[in-house]
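Student: I would like to learn how to read a pocket in a model. Where do we begin?

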Amino acid sequence: HWAAEFEIAIKDSLSSPDDLRWKKQGESHGDYDFMVYYRIDPNTNQLACRIDSAIPSSLLIPVLAVFNESSLYKTWMPSYEKP
């Protein structure tokens, strides 16, 4: 089950953001350029977000550490509750 979901996530992350399923939410060209896309799965109503950005190599380990500890999101955003 999880392997199939992971494979879908990888496929989605490698797909072009120009794919009609992704809708562009915004972009920024400040210190770090990035673009934010979203889509809603019509079958489950789940929201998926995608952020495309190059990051400096010095930030790779900190970003991976945050992704690894995503279950601690309540400590980063204490007022947010999982739906």
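Tutor: With a term: helices here are DSSP runs of H or I with at least four residues, numbered from the N terminus. Keep in mind that this is a predicted model.

Student: Which helix gives the most to the lining of the second largest pocket?

Tutor: H1 does, with 10 residues. Helix H1 (2-14), S2 and strand S3 (47-53) each supply at least two lining residues.

Student: How is such a space found, and what is the volume of the second largest pocket?

Tutor: In general, a probe the size of a water molecule is rolled over the atoms, which shows where empty space is left. The second largest pocket has a volume of about 750 Å³.

Student: Which residues lie nearest the centre of that pocket?

Tutor: Of the 21 lining residues, Glu-5, Ile-8, Ala-9, Asp-12 and Arg-39 lie nearest the centre. By class, the lining has 12 nonpolar, two polar and seven charged residues.

Student: Take Arg-39. Is Arg-39 buried or exposed?

Tutor: The cut-off for buried is under 20% relative accessible area. Arg-39 has 16%, so Arg-39 is buried. Arg-39 is found in strand S2 (residues 33-40). Leaving aside neighbours within four places in sequence, Arg-39 is in contact with Asp-12, Arg-21, Trp-22, Gln-46, Leu-47 and Ala-48.

Technical notes: Residues are numbered from 1 along each chain as its sequence is written. This is a predicted model: local features need pLDDT of at least 70, side-chain atom pairs count only at pLDDT 80 or more; totals for chains, interfaces and linings use all residues. Side-chain values use heavy atoms; hydrogens and water are left out. Buried means under 20% relative accessible area, exposed over 50%, partly exposed in between (1.4 Å probe, protein chains only). Contact means heavy atoms within 4.5 Å. On a 1 Å grid over the protein atoms alone, a cavity is a set of points where a 1.4 Å probe fits but cannot get out, and a pocket is an open set with protein on both sides within 12 Å along at least five of seven lines; lining residues have an atom within 4 Å of a point. Grid points are joined across faces, edges and corners, and a volume is the space filled by probe spheres set on the points. Ala, Val, Leu, Ile, Met, Phe, Trp, Tyr, Cys and Pro count as nonpolar, Asp, Glu, Lys and Arg as charged, and the others, Gly among them, as polar.
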